[in-house]
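Subject: Handing over a structure, with notes on what was found

Dear colleague,

I am passing a structure on to you, and you will find the sequence and the coordinates just below. Please read the notes that come after with the structure open beside them.

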Amino acid sequence: MSDYFDCVKFIETKNGKKFARQLGSAKKRDDGGFSVYLDALPPDGQFAIVPQRPRAAGGAQTKAPGNDDLNDSPF
């Protein structure tokens, strides 16, 4: 398992579709905690730390197999 994670905010659109907006990244520390690096703050102050998804050439993330909330992620 990787020591690197994405910080995301799950957003639901008006038509009920969910997607994840990337806010930053996190790295697991040796003491079990996380160092979090945010590029943006969510309006309600809540976000999730999730495992990084595989990235294609050029840094774009690939779609994950299955039917999870991250499949419609804009990043």
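What follows goes through the sheet, then its strand pairings, and then several residues in turn.

Please keep in mind throughout that this is a predicted model.

The sheet. Four strands form an open sheet in the order β3-β2-β1-β4, and their pairing is antiparallel. The edges of this sheet are taken by β3 and by β4 (48–51), each of which pairs on one side only. If direction is ignored, neighbouring strands of the sheet are turned against each other by 45 degrees on average.

The pairings. Strand β2, which covers residues 18–28, pairs with β1 in the antiparallel sense over nine bridges, and within this part of the sheet Glu12 has Lys18 of β2 as its bridge partner. On its way to β3, strand β2 again runs antiparallel to its partner, and here five bridges join the two; Ser25, for its part, has Tyr37 in β3 as its bridge partner. The hairpin made by β2 and β3 has five residues between the strands, and in this hairpin Gly32 takes a positive phi near 95 degrees.

The aromatic pair. The count of aromatic pairs comes to one. The ring centres of Phe5 and Phe34 lie 5.3 Å apart while the ring planes stand at 80 degrees, and because planes over 60 degrees apart count as edge-to-face, the pair is given that description. Since Phe5 belongs to strand β1 and Phe34 to strand β3 (residues 34–38), the pair ties together parts that are 29 residues apart in sequence. As for accessibility, Phe5 has a relative value of 6% and therefore counts as buried, whereas Phe34 is partly exposed, with a relative accessible area of 34%.

Which side chain makes a polar contact with the side chain of Asp6? Asp6 is found in strand β1, and its side chain makes this contact with the side chain of Gln22, at 3.1 Å. The relative accessibility of Asp6 is 1%, so this residue counts as buried.

Lys9 also has its place in strand β1, which spans residues 4–12. Is Lys9 buried or exposed? Its relative accessibility is 17%, and because buried means under 20%, Lys9 counts as buried. The side chain of Lys9 makes a polar contact with the side chain of Asp44, at 2.7 Å.

A residue of β3. Ser35 lies in strand β3 and is partly exposed, its relative accessible area being 23%. With neighbours within four places in sequence left aside, Ser35 is in contact with Ser25, Ala26, Lys27 and Arg29. Between Ser35 and Tyr4, which are 31 residues apart along the chain, the C-alpha atoms are separated by 9.7 Å.

Conventions. Residues are numbered from 1 along each chain as its sequence is written. This is a predicted model: local features need pLDDT of at least 70, side-chain atom pairs count only at pLDDT 80 or more; totals for chains, interfaces and linings use all residues. Side-chain values use heavy atoms; hydrogens and water are left out. Buried means under 20% relative accessible area, exposed over 50%, partly exposed in between (1.4 Å probe, protein chains only). A polar contact is a pair of N or O atoms within 3.5 Å; within protein, one must be able to donate a hydrogen and the other to accept it, and residues adjacent in sequence count only if both atoms are side-chain atoms. Rings of Phe, Tyr and Trp (its six-membered ring) pair if their centres lie within 6.5 Å; planes under 30 degrees apart count as stacked, over 60 as edge-to-face and the rest as tilted. Contact means heavy atoms within 4.5 Å. Two strands pair if DSSP finds at least two bridges between them. Axes are lines fitted to C-alpha atoms, for helices over the stretch in contact, and angles run from 0 to 180 degrees between N-to-C directions.
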